Amino acid sequence: MLRTANAPRPASRIRTPTSEAKPGKPAFSRRPAAGVHNADVAVLFDRLADLLEIQGANPFRVRAYRNAARTVGGLPRSVAAMVVEGADLSELPGIGKDLAGKIGEIVETGHLALLDETEKTVPRDLIELLALPGLGPKRVQRLHEELSIDTVGELRRAAETGKIAKLRGFSAEFERKILRDIGRRGAMERRTLLPAAEEIANELTAYLEGTPGVDRVIVAGSYRRRRDTVGDLDVLATSAPESPVMDRFLAFPGATEVLAKGTTRSTIRLRSGLQIDLRVVPGASYGAALVYFTGSKAHNIAIRRIGVGKGLKINEYGVFRDGKRVAGRTEEEVYAKVGLPYIAPELREDRGEIEAAAKGTLPRLIALGDIKGDLHVHTKASDGQDSIEAMAKAARERGYEYIAITDHTKHATIAHGLDSRRLARQLAEIDRVSSRLRGIKIFKSAEVDILGDGSLDLDDGILGELDFAVCAVHSQFDLPRAKQTARILRAMDNPRCTILAHPTGRLLNERLPYDVDMERLIAAARERGCVLELNAQPERLDLTDEHCKMAKDQGVKLAISTDAHSTATLDYMRFGIDQARRGWLEAKDVVNTRGMGELRKLWRR
DNA sequence: GCCGTTTTCGGCCCGACTGTTTTCAGTCG
């Protein structure tokens with residue numbers, strides 16, 4: 001359940017080539033401005049929505065732009081390519097004639113004239129103010145009008161000199177809160193990784209479960225949808241009306257602040273800055289409340305709208321017809337009332353899951369039990385902690401049929417990467433371990449560095465000794481998009497390159513993905529029979545959910561791999577499964593759900 | 001701005017909490 005503040009910030013306006021955009025040309029000869037990507041269109045629409053909101057525009061018009069941003073941002077195909085082909089964009093959900101035209105305009109010119117116009121009256125820096133808690137469009141508008149505040153810096157100065165408190169509707173307390181929030185703005189932008197969120201979620205759940213009168217406690221929100229990171233935790237409890245659960249929640253050890261306090265809803269903040277919402281409802285409302293509190297917001301709106309069409313009102317207490325509750329105890333009941341089968345939380349993003357549910361074409365999502373092996377792990381030979389034998393045994397304990405040992409190669413000096421000679425010795429060691437270990441197949445592999453020019457850092461001779469190779473970029477992250485893309489495409493041209501590991505190189509909260517044309521990588525993977533990795537390390541989760549879905553839609557296979565550097569982190573597989581489910585993946589889309597024989601065929605390119 | 005087995009106009013999801021509002025607007029999820 002997010003606000004726009006969490007949307008990625010645009011680095012700068014899209015470059016506008018001068019040779020494009022000749023008006024009056026028929027559709028088939030439309031030429032797109034160079035490098036307009038779906039994400040660019042989404043950013044411009046989102047920014048326009050923010051500014052229109054501050055301007056006090058019709059909220060439904062604002063929502064239309066936000067929906068369009070989400071639709072285009074999650075599209076499996078390049079919207080620029082669709083424009084060039086003359087596709088009818090108004091067939092996309094939430095895109096009408098006007099927005100189709102605006103998408104065309106952005107694709108052809110790199111600009112959105114309405115946004116440029118709007119920025120003349122509403123400074124775009126105001127969007128940053130919206131990100132501060134307690135500041136919505138109305139207050140930002142008043143600060144701008146009455147105190148000429150356009151930036152966070154100006155807001156801070158006004159607060160420090162007591163000017164804000166003098167405004168009607170503001171107070172000295174509000175002023176203090178604003179100054180505090182500005183101070184920790186940097187920290188608040190970090191989102192919490194799933195393992196850290198899980199630790200708190202488990203602790204809090206156990207803490208609340210013992211409370212008298214409490215029946216069930218469950219963490220909902222983006223945590224339950226298994227997003228790669230969470231902004232806050234949304235906890236739902238069912239209890240008897242007289243239960244002291246709310247007081248107990250407010251006293252949770254580690255809570256440093258109570259941000260809101262009510263009988264059915266309260267919010268605390270932990271020392272780490274993480275916010276936790278608790279919502280308490282009666283047991284009869286459990287299903288409806290769980291749907292409501294799991295979100296996403298867009299999914300809920302869509303579900304409720306279907307309800308309205310059927311004469312139903314849906315809120316967190318249940319499904320109501322003429323004021324009478326007709327469902328709400330379970331999630332299945334709620335979905336059934338709007339004529340839909342149960343939809344898994346990971347899919348609830350309004351990215352087509354409702355339409356698929358209505359048509360009966362929801363994917364049969366992959367589960368942890370489908371996984372038959374791990375195709376990317378390290379040992380002491382490079383930067384791992386455990387031996388080949390320990391890793392293989394740990395894989396066997398997890399019920400796997402196989403594991404691939406993929407230590408770094410020589411260019412990764414910091415990871416003590418293997419050169420040809422050391423790798424040859426390791427392959428011999430794998431043979432020795434294999435000869436004495438039953439019940440697990442150890443594949444010979446390596447995580448081969450893709451050099452700056454796209455060549456691999458081992459020669460074909462030693463590469464030929466491997467069962468398959470996992471290839472990855474570990475250097476020169478800042479190449480321009482065209483060069484980065486060409487570099488990786490060249491690596492994929494090598495028939496030894498079976499799996500492309502962590503394809504965007506992102507590290508959550510630390511390093512942005514390198515600039516690469518993922519649509520081209522996916523197309524290239526399809527043409528070459530190359531497999532894309534979904535790296536299950538919780539700080540990577542790379543590919544993203546949306547890229548997974550794009551790959552699946554193009555018929556590209558994925559490998560869900562832990563990149564484990566110790567036996568314990570083989571368990572990260574479940575985070576990869578979470579992400580895969582968000583990307584609509586089924587067992588058949590993932591190579592390491594296959595048995596050994598089938599796997600061997602797959603990577604014989 | 002989108003959309004239509006009642007509609008091309010008039011709707012558009014719904015409720016909790018906060019603050020200074022003396023009856024509700026703004027914010028948030």
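Which side chain has an N or O atom 3.3 Å from a base nitrogen of DNA strand B? That side chain belongs to Lys-297. The pair is a polar contact (N or O atoms within 3.5 Å; within protein, one must be able to donate a hydrogen and the other to accept it, and residues adjacent in sequence count only if both atoms are side-chain atoms).

This is a predicted model: local features need pLDDT of at least 70, side-chain atom pairs count only at pLDDT 80 or more, and totals for chains, interfaces and linings use all residues. Residues are numbered from 1 along each chain as its sequence is written, chains are lettered from A and ligands numbered from 1 in the order in which they are written, and side-chain values use heavy atoms, with hydrogens and water left out.

**DNA strand B**

- Around DNA strand B there are 43 residues, where near means that a heavy atom of the residue lies within 4 Å of the strand.
- Asn-58, Gly-96, Gly-134, Lys-261 and Arg-304 come nearest.
- Of the atoms of DNA strand B that come within 4 Å of the protein, 71% belong to sugar and phosphate.
- Arg-63 places a polar side-chain atom 2.8 Å from a phosphate oxygen of DNA strand B.
- Gly-94 uses its backbone instead: an N or O atom there lies 3.0 Å from a phosphate oxygen of DNA strand B.
- Two or more residues near DNA strand B come from each of α2 (59-73), α4 (97-109), α7 (137-147), β5 (255-261), α15 (297-309) and β8 (313-315).
- These elements are DSSP runs numbered from the N terminus: helices are H or I with at least four residues, strands are E with at least two.
- The most is given by α2, with five residues.
- By class, this surface has 17 nonpolar, 10 polar and 16 charged residues.
- In this scheme Ala, Val, Leu, Ile, Met, Phe, Trp, Tyr, Cys and Pro are nonpolar, Asp, Glu, Lys and Arg are charged, and the others, Gly among them, are polar.

**Cavities**

- The whole structure holds three cavities of 30 Å³ or more.
- A cavity is a set of points, on a 1 Å grid over the protein atoms alone, where a 1.4 Å probe fits but cannot get out; lining residues have an atom within 4 Å of a point.
- Grid points are joined across faces, edges and corners, and a volume is the space filled by probe spheres set on the points.
- The largest cavity contains about 50 Å³ of space.
- Its lining consists of Ala-288, Val-291, Tyr-292, Asn-300, Ile-303, Arg-304, Ile-314 and Asn-315.
- At least two lining residues come from each of α14 (286-294), α15 and β8.
- Five of the lining residues are nonpolar, two polar and one charged.
- Arg-304 lines this cavity and is also among the residues that come nearest to DNA strand B.

- Thr-485 sits in helix α21 (residues 481-493).
- Thr-485 has a relative accessible area of 3% and is buried (buried is under 20%, exposed over 50%, partly exposed in between; 1.4 Å probe, protein chains only).
- A polar side-chain atom of Thr-485 is 2.7 Å from the backbone oxygen of Arg-481.
- Leaving out residues up to four places away in sequence, Thr-485 touches Val-516, Asp-517, Arg-520 and Leu-521; contact means heavy atoms within 4.5 Å.
- Ser-475 lies in the loop between β14 (469-472) and α21.
- Ser-475 is also buried, at 15% relative accessible area.

**Gly-231**

- Gly-231 occupies the loop between β3 (229-230) and β4 (232-239).
- Gly-231 is partly exposed, at 38% relative accessible area.
- Thr-192 is 39 residues from Gly-231 in sequence, yet their C-alpha atoms are 6.3 Å apart.

**Backbone exceptions**

- Gly-295 and Ser-296 are joined by a cis peptide bond with omega about -5°.
- Ser-296 is in the loop between α14 and α15.
- A cis peptide bond also runs from Asp-542 to Leu-543, with omega near 20°.
- Arg-226 is not a glycine, but has a positive phi of about 60°.
- Arg-226 counts as buried, at 11% relative accessibility.
- Asp-322, not a glycine either, has a positive phi of about 50°.
- Asp-322 is exposed, with a relative accessible area of 76%.

Key
On a 1 Å grid over the protein atoms alone, a cavity is a set of points where a 1.4 Å probe fits but cannot get out, and a pocket is an open set with protein on both sides within 12 Å along at least five of seven lines; lining residues have an atom within 4 Å of a point.
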